[in-house]
Amino acid sequence: MNGKDLRIVFMGTPDFAVASLKALVDGGYNVVGVITAPDKPAGRGNQLSESAVKKYAVANNLFVMQPEKLKNPEFLTELQNLNADLQVVVAFRMLPEVVWNMPRLGTFNLHGSLLPQYRGAAPLNWAVINGETKTGVTTFLLDHEIDTGKVLFKYETEIGENETVGDVHDRLMVAGAGLVLKTVDALATGEYKAIPQQELASGTEIKHAPKIFKEDCRIDWTKDSETTRNLVRGLSPYPTAWSILQNDTTGEEIQTKIFFAEKTDENAIAQCGTIKTDKKKTLLVACENGWLNITDLQLAGKKRMKTDEFLRGFQQIESYRFV
């Protein structure tokens with residue numbers, strides 16, 4: 001059987017998933033249904049916002065389901081009626097067994113790491129935060145425990161020294177779409193080997209990728225400059241590292257997002273968080289063992305700016321420090 005002969009149900013929500021869905025549609029695969037998150041209120045007007053996957057699916061006349069609960073009997077009946085041979089999951093929520101075990105060929109997931117490393121909700125972020133030099137995407141068959149099923153295929157890529165998680169995300173979004181097609185074709189023909197993750201994990205330390213919360217994104221300037229720089233890279237452009245810009249005289253505090261920081265050759269001999277600037281192009285901040293040059297930032301309530309633009313409008317910057 002050819003992969004294009006299969007009846008496929010696709011599950012996903014964000015832009016990362018759209019690339020894989022688009023690859024299936026453009027490739028002539030038979031996508032009989034798309035499952036995505038319910039519309040949610042967003043913005044100042046609390047208007048209902050559709051997921052990126054829903055927008056693409058509707059624009060391409062695909063059948064869409066948006067269940068609140070995946071064990072809802074009506075949803076399960078509707079899903080069963082699609083008579084899918086295979087389900088493909090990309091950036092969606094955890095599925096109950098009654099859903100992932102429904103198709104005759106099962107369900108596979110595209111995960112943003114080289115499994116078994118970085119299981120969890122934020123694999124790309126944590127790989128960059130931890131200073132990894134490589135990452136990738138993996139397809140695996142869903143099983144009872146999250147991100148632990150048998151591995152089907154992998155794609156590996158290097159992480160550049162100055163790349164942000166946004167850069168890696170965009171590259172793997174495209175590579176992942178190709179891996180999804182490869183996996184669908186292999187499952188259709190039976191020409192694949194499913195490898196238990198226990199075999200791949202033997203003798204290695206497993207690193208995890210838990211969900212990232214706001215406090216995880218706060219910069220601790222007492223850490224060394226490379227650790228701090230990697231945190232910034234691993235959170236840029238989203239959810240974004242942040243710090244408090246504090247005026248030591250007035251006590252004023254401004255929450256500030258930091259999108260990129262460059263290494264410098266200068267050793268820090270100042271209190272961590274101290275700012276040093278030429279008031280034109282450089283904004284150096286002291287870490288535990290050196291200075292970082294902030295090149296891209298955003299004050300609360302303001303637009304994102306390059307440092308030169310920021311310094312033109314913030315003349316008293318030397319009265320402040322980051323805390």
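Modeller: A charge sits over a ring if NZ of Lys or CZ of Arg is within 6 Å of the ring centre and within 35 degrees of the ring normal. This is a predicted model, in which local features need pLDDT of at least 70 and side-chain atom pairs count only at pLDDT 80 or more, while totals for chains, interfaces and linings use all residues. Residues are numbered from 1 along each chain as its sequence is written, and side-chain values use heavy atoms, with hydrogens and water left out.

Colleague: Over which ring does the charged end of Arg304 sit?

Modeller: The charged end of Arg304 sits over the ring of Phe259, 3.9 Å from its centre. The charged end of Lys4 is placed over the ring of Tyr29, with 5.8 Å to the centre of that ring.

Colleague: How many aromatic pairs are there?

Modeller: Rings of Phe, Tyr and Trp (its six-membered ring) pair if their centres lie within 6.5 Å, and planes under 30 degrees apart count as stacked, over 60 as edge-to-face and the rest as tilted. By this rule there are 3 aromatic pairs. In the pair of Phe314 and Tyr320, the ring centres are 5.1 Å apart and the planes stand at 65°, so the pair is edge-to-face. These two residues form one aromatic cluster together with Phe310.

Colleague: Are Phe314 and Tyr320 buried or exposed?

Modeller: Buried means under 20% relative accessible area, exposed over 50%, and partly exposed in between (1.4 Å probe, protein chains only). Phe314 is buried, with a relative accessible area of 12%, and Tyr320 is also buried, its value being 8%.

Colleague: Why is strand 8 largely enclosed by the rest of the structure?

Modeller: Helices (H or I, at least four residues) and strands (E, at least two) are DSSP runs, numbered from the N terminus. Of the 8 residues of strand 8 (residues 134-141), 7 are buried, so this strand is largely enclosed by the rest of the structure. Two strands pair if DSSP finds at least two bridges between them. Strand 8 pairs with strand 7 (residues 107-111) in the antiparallel sense over 4 bridges, and the bridge partner of His111 in strand 8 is Thr138. With strand 9 (residues 151-158), strand 8 again pairs in the antiparallel sense, over 7 bridges, and there the bridge partner of Lys134 is Glu158.

Colleague: Which residues does Met173 touch, not counting residues up to four places away in sequence?

Modeller: Contact means heavy atoms within 4.5 Å, and with those sequence neighbours left out Met173 touches Asp15, Phe16 and Ala19. Met173 lies in helix 6 (residues 165-189) and is buried, with a relative accessible area of 18%.

Colleague: What is the phi of Tyr118, and where is Tyr118 placed?

Modeller: Tyr118 has a positive phi of about 60° although it is not a glycine. Its place is in the loop between strand 7 and helix 5 (123-129), where Tyr118 is buried, with a relative accessible area of 6%.
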